[in-house]
Amino acid sequence: MDQTATPRYTHGHHGSVLRSHGRRTAENSAAYLIPELRPGMRLLDVGCGPGSITLDFAELLGESGQVTGIEVVEAPLEVARAAALERGDTRTRFQLGDVYALDAADGSLDVVHAHQVLQHLGDPVAALREMRRVTKPGGLIAVRDVDYGTCVWEPQLPALDHWLAIYERVARSNDGEPNAGRLLRRWASAAGLGEARLSASAWMFATPEERAWWGATWAERATKSRFAEDARARGIASVGDLQRIADAWLEWAEDADATFVMTHVELLVRV
């Protein structure tokens with residue numbers, strides 16, 4: 001497979017996925033970047049999804065800022081544009097784009113941001129090089145990716161162990177790398193980005209509201225999303241396997257003492 005071809009996004013764009021991603025904010029998903037942002041900056045958000053983080057960036061950069069979010073398919077962009085209208089944001093643009101061939105001139109952007117994108121790419125090094133091309137001298141490349149190998153949860157339900165094993169196989173069958181977080185520095189070095197600032201942060205789901213939301217979204221994704229479709233089509237999991245995983249997510253959510261933690265690595269490079 002051409003590693004720079006349009007990637008097959010493991011999660012897909014089922015409603016359960018878009019609802020989940022729509023809960024992401026600049027504060028809970030890009031806190032490492034916020035102190036670097038200044039009014040008037042030009043920012044490109046690669047793999048913007050439903051636009052919740054993108055629109056937060058637009059607010060932080062003010063009316064003098066220029067923010068664009070790109071995706072490889074139209075479905076999440078429609079959700080992002082609707083969210084912009086709800087916020088009264090008529091400046092932020094959402095459009096189709098390709099991280100391997102960004103529609104921007106050399107050295108034209110102050111910030112290029114990608115949240116949970118590199119893990120889904122066949123050639124993350126090529127993507128980072130393209131991000132560097134469009135970033136101006138002194139500008140910033142900011143990426144954050146989860147490391148699924150760090151996910152931990154309680155109670156220890158065997159079906160959730162099976163979920164993680166299946167997810168890793170499906171992601172890699174799509175030429176992705178589910179443990180991307182630990183590889184960000186290596187990929188940045190291979191892309192010739194120079195000195196990088198690394199940090200890490202975690203998402204935890206433990207309150208009743210968080211458990212109900214996280215458990216329900218994964219129960220639905222386990223049976224209805226592209227992840228489920230690929231798992232079945234490639235013989236990685238059966239319908240029964242996926243239903244048991246969905247049931248386990250709901251069981252986990254109902255446990256008053258349940259927790260789920262996943263770690264993310266953040267990489268910030270000044271060009």
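**Stop one: a pocket**

Select Leu44, Thr68, Arg93, Asp103 and Ala104: of the 17 residues lining the second largest pocket, these lie nearest its centre. Keep in mind that you're looking at a predicted model. Now colour by secondary structure: strand S1 (42–46), strand S2 (66–71) and strand S3 (93–96) are the elements that each give two or more residues to this lining. Colour its lining by class and you get eight nonpolar, five polar and four charged residues.

**Stop two: a helix pair**

Next, select helix H3 (residues 52–61) and helix H4 (residues 75–87). How do their axes cross? They come within 9 Å, at roughly 40°. H3 and H4 are therefore oblique to each other, and their crossing is right-handed. To see the contact itself, show side chains for Ser52, Leu55, Asp56 and Glu59 on H3, then Ala80, Ala83, Ala84 and Arg87 on H4. By class, that contact of H3 with H4 has four nonpolar residues, one polar and three charged.

**Stop three: two backbone details**

Jump to glutamine 116, in the loop between strand S4 (109–115) and helix H5 (124–134). Check its phi: the angle is near 60°, a positive value in a residue that isn't glycine.

Finally, go to proline 155, which sits in the loop between strand S6 (152–154) and helix H6 (158–173). Is the peptide bond from glutamate 154 to proline 155 cis or trans? That bond is cis, with omega near 5°.

Definitions and conventions:
Residues numbered from 1 in each chain as written. Predicted model: local features only at pLDDT ≥ 70, side-chain atom pairs only at ≥ 80, totals over all residues. Heavy atoms only, no water. Axes fitted to C-alpha atoms, helices over the stretch in contact; angles between N-to-C directions. Helix = DSSP H or I, 4+ residues; strand = E, 2+ residues; numbered from the N terminus. Parallel < 35°, antiparallel > 145°, perpendicular 65-115°, else oblique. Left-handed = near helix turned anticlockwise from the far one by under 90°. Contact = heavy atoms within 4.5 Å. Nonpolar A, V, L, I, M, F, W, Y, C, P; charged D, E, K, R; others polar. 1 Å grid on protein atoms, 1.4 Å probe; cavity = no way out; pocket = protein on both sides within 12 Å on 5 of 7 lines; lining within 4 Å.
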